Amino acid sequence: MAICRHTNSEDKNTMSSIDKEWRDKTYAYAEAINRFVQKGLRDGWDNAGEAPHDADLEKLASKAIDAVRQANLSGNIKNLRDVWPPAHGPFIPILEKQGQSIPVVCLLDDGSILARIGAPYVKGYVVRINNTRVTTIADVEFFGVCPNHAYFAVAMEQGVSITRGWMGAQVCFCPWPIGNEDLPDGSYVPARMKPPVPEKLIPFPEGNRVLLVSGEGIYVLWPEKCVRLLPTVTALAEHFSWLQCEYPEDTLSVSLDMAHGAISPDGKWIAVGSQDSLHLVYDRELKLVAEVGNQSEYPHYAIFSRDSQLIAFNSCHFYNGITIGVATKYLPGLTTESYSHDSRTPILDDGARVYAGVHRDDEFIIGDAHGYLRAFSRDGKQTWQHFIGSSIGDIDISADGKCLVATTCAGFLSIIDLDVGRHEPYQIGNGSHVEFRRWIFWKNEARPLMW
């Protein structure tokens with residue numbers, strides 16, 4: 001059952017002056033921004049002129065969201081976007097209080113969508129969206145999916161359950177690490193009293209183990225053991241030595257900032273990193289086979305192409321960043337220096353701090369800190385961009401590459417039909433794509449809202 005579809009209905013409703021002001025200013029702002037970006041990309045940003053001012057619609061934001069609520073209550077959302085087209089900027093003051101992160105999303109084969117609502121470090125919940133219906137999944141707070149969507153991981157009190165398919169038969173159960181695994185000789189870290197907070201759970205394509213990404217370490221978990229990949233033993237020894245020198249009375253502890261990881265669809269490679277590491281690649285046996293220098297300040301994200309032949313590594317500085325490509329044919333044995341030019345690690349994108357990504361055919365689609373989806377080819381050609389707003393939380397794409405689902409840290413879930421040959425007048429971006437539906441999951445909202 002496909003969830004992605006698009007319509008081109010015309011507004012047949014009589015519009016009030018408030019409705020008209022919202023629509024006209026939203027259209028005008030999108031058109032102005034798109035012209036500005038087009039000129040900047042074509043002629044250079046120094047020649048683009050002054051960026052357009054915002055649409056000055058904050059005063060109508062409460063009216064707009066009330067209209068969305070009323071349309072949901074009545075069940076009549078068919079012409080909602082014709083009268084009240086979606087926007088982001090006017091809601092920023094509301095988002096500061098009501099917004100919440102949606103850090104994990106998955107598009108299932110039947111067209112339904114799974115999403116974790118709430119940042120990893122808060123008590124959240126998982127929902128399943130099936131067309132216009134949203135159901136909370138009982139007793140599930142966090143989940144993950146393997147690169148080919150064959151196996152799912154569900155966080156439980158004692159560990160991680162890996163199932164064949166969503167809520168399918170359990171194939172194995174992997175206990176949580178206790179935090180003192182793989183320490184330098186002579187070091188002592190007390191066992192953790194609570195499970196680590198997962199930021200990513202990625203089952204391996206074989207379904208027999210899972211990659212755990214957390215702020216307390218990056219691990220590979222089996223039913224009978226676990227191995228820490230980051231921090232490495234060498235990094236821990238250096239960190240512990242510093243702690244004992246500077247804070248001799250403190251108990252040793254392990255933590256990671258900007259922890260991230262990915263597994264190749266063929267299961268041969270594991271790409272990981274953190275703020276204090278290089279871009280690292282391990283093989284199937286967990287042997288470190290590549291250390292790739294970052295081109296911006298901090299390693300921040302990694303993603304493999306669908307054919308497992310290319311890794312895209314992103315490093316960031318504030319809200320910007322640089323993404324490089326690493327062909328897996330150079331593995332093992334690849335070592336490069338940070339900030340150095342190397343023909344084996346070409347720049348694919350210069351600008352985005354990446355939070356999420358997918359790959360289809362010859363194209364990476366990434367989500368950045370500024371709320372944009374940006375697409376570029378394997379050789380770094382920029383192909384399109386599409387604005388949602390806030391920082392992107394996660395992205396997934398259908399097997400046929402025609403439907404994209406993206407979430408944000410503001411509580412939006414966007415469902416986008418790709419390559420339909422047009423875009424809506426309120427859309428900021430230059431792709432031929434149409435957002436079919438936008439779900440709103442806000443704190444203190446009585447129910448999820450369709451827009």
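Which residues of β28 are buried on one side and which on the other? In this predicted model, F412, S414 and I416 are buried on one side of β28, and L413, I415 and D417 are buried on the other.

Six of the six residues of β28 are buried, so the strand is mostly covered. In a regular strand the side chains alternate between the two faces of the sheet. Both faces of β28 are covered.

Strand β27 (residues 403–408) runs antiparallel to β28 and is joined to it by five bridges. One of the residue pairs is C403 with D417, the latter in β28. β27 and β28 form a hairpin with three residues between the strands, and G411 has a positive phi near 90° there. Six bridges join β28 to β29, and these strands also run antiparallel. Here I416 stands opposite E435 in β29.

## Strand β18 between β17 and β19

Strand β18 (residues 310–317) is mostly covered, with seven of its eight residues buried. Strand β17 (residues 298–304) runs antiparallel to β18, and six bridges join the two. Strand β19 (residues 320–327) is likewise antiparallel to β18, with eight bridges between them.

A312 can be followed across these strands. I303 has A312 in β18 as its bridge partner, and A312 in turn is the bridge partner of G325 in β19.

Both pairings are hairpins. The hairpin of β17 and β18 has five residues between the strands, and S308 in its turn has a positive phi of about 65°. The hairpin of β18 and β19 has two residues between the strands, with F318 at a positive phi near 55°.

## Helix α1

Helix α1 covers residues 17–43, a run of 27 residues. From its first C-alpha to its last the helix reaches 38 Å, close to the 39 Å expected at 1.5 Å a residue. Its buried residues are D19, W22, T26, A30, A32, I33, N34, F36, V37 and G40. These buried residues pack against α2 (61–74), α3 (80–83) and β25 (382–387). After the helix comes G44, with a positive phi near 95°.

## Salt bridges

The whole structure holds 22 salt bridges.

| Salt bridge | N to O separation |
|---|---|
| E445 and R69 | 2.6 Å |
| R360 and D419 | 2.8 Å |
| D368 and R374 | 2.7 Å |

The side chains of E445 and R69 meet in a salt bridge. This pair links distant parts of the chain, 376 residues apart: E445 is in the loop between β29 (434–440) and β30 (449–450), and R69 is in helix α2. E445 counts as buried because its relative accessibility is 15%, under the 20% cut-off. R69 has a relative accessible area of 26% and is partly exposed.

The side chains of R360 and D419 also meet in a salt bridge. R360 lies in strand β22 (residues 354–360) and D419 in the loop between β28 (412–417) and β29, so the pair ties together parts that are 59 residues apart in sequence. R360 has 7% relative accessibility and counts as buried. D419 is partly exposed, its relative accessible area being 46%.

D368, which forms a salt bridge with R374, is buried with a relative accessible area of 1%.

## A buried arginine without a salt bridge

What is the nearest side chain of opposite charge to R209? It is E206, at 4.9 Å. R209 is buried yet has no salt bridge, because a salt bridge requires a side-chain nitrogen within 4 Å of a carboxyl oxygen. R209 is found in the loop between β9 (198–203) and β10 (210–214).

The side chain of R209 does reach the backbone oxygen of R284, at 3.0 Å. Beyond its neighbours within four places in sequence, R209 is in contact with I162, C172, C174, P203, F204, V220, L221, W222, R284 and L286.

Notes
Residues numbered from 1 in each chain as written. Predicted model: local features only at pLDDT ≥ 70, side-chain atom pairs only at ≥ 80, totals over all residues. Heavy atoms only, no water. Helix = DSSP H or I, 4+ residues; strand = E, 2+ residues; numbered from the N terminus. Expected span 1.5 Å × (residues − 1). Buried < 20%, exposed > 50% of the residue type's maximum accessible area, 1.4 Å probe, protein only. Contact = heavy atoms within 4.5 Å. Lys, Arg positive; Asp, Glu negative; His and termini not counted. Polar contact = N/O pair within 3.5 Å; in protein donor to acceptor, adjacent residues only side chain to side chain. Pairing = 2+ DSSP bridges.
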